[in-house]
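Work through the exercises below with the sequence and the model open beside you, and try each task before reading its solution.

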Amino acid sequence: MHRRRFLLGAVIVGFGNTSVQALQKLTPGMVPPPFSRTGLDGKPVDLAAFKGKVVLIDFWASWCAPCVIAIPHFRNWQARWGGHGFQVIGISMDDSASEARATATRLHVNYPVVMGDAKLAIGYGGILGLPVEMLVDRDGRIVSIWHGETPPVIIENAVRASLG
Amino acid sequence: MRSSLLLIPPLLLIGAAAESAIAATDIIPASALIQPAQLASELKAAPPTILQVGFSKLYQQAHIPGAIYAGPTNSETGLTALKAEAEKLSRDAAVVIYCGCCPWNRCPNMDAAYTTLKAMGFSRLKALYISDNFGQDWVDKGYPVVMGQ
């Protein structure tokens, strides 16, 4: 489904034109699209492997100030709650892996980071601005989605609630 | 003041400096801004030349019809791409640059793109004011968009 939507190619929408397919937005309760990629550290990262955990998916980029400001919070939560079934996964929208890797190293990221692309982003409803965070519960369903700069305490409270 | 500064861990200061270095400086004058509704209206009549100066994965997902990718202008590579596209244009052409990667005051691309084009002599240069991001301020508003290219 997601592959077919991507292969539709160039489509123009807007001004009431309903004859073409728009981005399929993800909403709470939905299951996030699966993905399996090689992480920046060379290890495989498969979203399905984290079923049963509370997962925070973070779309970010090295040049995105709000993204970079949020990462130390995610790192701290990973360290604090990783043993309690919590997992952060970073998806970098940088053009090059070297830029993402340098930033992840500088910020001492302690969770897997993969490179994102347009196909993956469209599958996630379009990542048309950064950052975007998505919280997935232990049943593999989306709990919350945050677009743009979000106070960390809001995400933290949602994580705490999901961890129980 | 000095004593309180001394209490701030050095790493935090380094981090703050790094973050400010990638944030916008907001040097584009208000008179050079164009609002999304106005640009959307102009697309139907006399479209200007539109340059997307943000990250390529945003452009590949969705962009304004007719927009040319020329970025990201927070890098030398992106500025080179912008200059190459700009060289093809008349200096009195109506040109609109936009990004939408992140909130306006956080964008690392718009100031550099605006400054570069102004220095090249573009007299009818406008910057699309996207307050939050391209998704919320353009796509979600129902303005024209090309997707998946």
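**Exercise 1.** In this predicted model, find which residue takes a positive phi in the hairpin of E7(A) and E8(A), and then describe how E7(A) is placed among its partner strands.

*Solution.* Begin with the hairpin, where five residues lie between the two strands and A:Gly140 takes a positive phi near 85 degrees. Next, follow the pairing on this side: five bridges join E7(A) to strand E8 (residues 142-147) of chain A in an antiparallel manner, and A:Val136 stands opposite A:Ile142 in E8(A). Then turn to strand E4 (residues 54-60) of chain A, which is also joined to E7(A) by five bridges and runs antiparallel to it, with A:Leu56 having A:Leu135 as its bridge partner.

**Exercise 2.** Determine which residues of E7(A) point one way and which the other way.

*Solution.* A:Val132, A:Met134 and A:Val136 point one way, whereas A:Glu133 and A:Leu135 point the other way. As for cover, five of the five residues of strand E7 (residues 132-136) of chain A are buried.

**Exercise 3.** Work out the order of the five strands in the open sheet of chain B, and say which strands stand at the edges.

*Solution.* The order is E1-E6-E5-E2-E4, with parallel pairing. Strand E1 (33-34) and strand E4 (68-69) of chain B each have a single partner strand, so one side of each is left without a neighbour in the sheet. For E4(B), two bridges join it to strand E2 (residues 49-52) of chain B, and B:Ile68 is the bridge partner of B:Leu51. Finally, B:Leu51 is among the residues in contact with B:Ile97.

Methods:
Residues numbered from 1 in each chain as written. Chains lettered and ligands numbered in written order. Predicted model: local features only at pLDDT ≥ 70, side-chain atom pairs only at ≥ 80, totals over all residues. Contact = placed C-beta atoms within 7 Å. Pairing = 2+ DSSP bridges. Helix = DSSP H or I, 4+ residues; strand = E, 2+ residues; numbered from the N terminus. Buried ≥ 20, exposed ≤ 12 C-beta atoms within 10 Å, placed from the backbone. Lists of a residue's contacts leave out its neighbours within four places in sequence.
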